[in-house]
Amino acid sequence: MSADQIAAEALRLPEQERASLVSRLLRSLPPVVLDDDEGVAEALRRDAELDADPAQAMTLREIDSHIQQRKKS
């Protein structure tokens, strides 16, 4: 059976069974995040900045406000 055929059959399952299947499939895969990934490096850099200066942190309300301001621009 091809992956397309399996996917077609899986899509016929009820939502809960599909969610369970997805979870099982994801757990079967190796981690994909690599140390040399630029996104991970950036996240680690920003995390270190926040550890060094917690005053840089923003509340969720502040983040929402910035997003709303950008939408208006």
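**View 1. Buried residues in the predicted chain.** Of the 73 residues in this predicted model, buried ones make up 1% (buried is under 20% relative accessible area, exposed over 50%, partly exposed in between, with a 1.4 Å probe and protein chains only). Residues are numbered from 1 along each chain as its sequence is written. As this is a predicted model, local features need pLDDT of at least 70 and side-chain atom pairs count only at pLDDT 80 or more, while totals for chains, interfaces and linings use all residues, and side-chain values use heavy atoms, leaving out hydrogens and water.

**View 2. Arg-12 in its loop.** Look for Arg-12 between helix H1 (3-10) and helix H2 (15-27) (helices are DSSP runs of H or I, at least four residues, numbered from the N terminus). With 62% relative accessibility, Arg-12 is exposed. Its side chain meets that of Glu-9 in a polar contact of 2.5 Å (a pair of N or O atoms within 3.5 Å; within protein, one must be able to donate a hydrogen and the other to accept it, and residues adjacent in sequence count only if both atoms are side-chain atoms).

**View 3. Ile-63 on helix H4.** Here's Ile-63, part of helix H4 (residues 60-72). Ile-63 is partly exposed, at a relative accessible area of 35%.

Methods:
Helix = DSSP H or I, 4+ residues; strand = E, 2+ residues; numbered from the N terminus.
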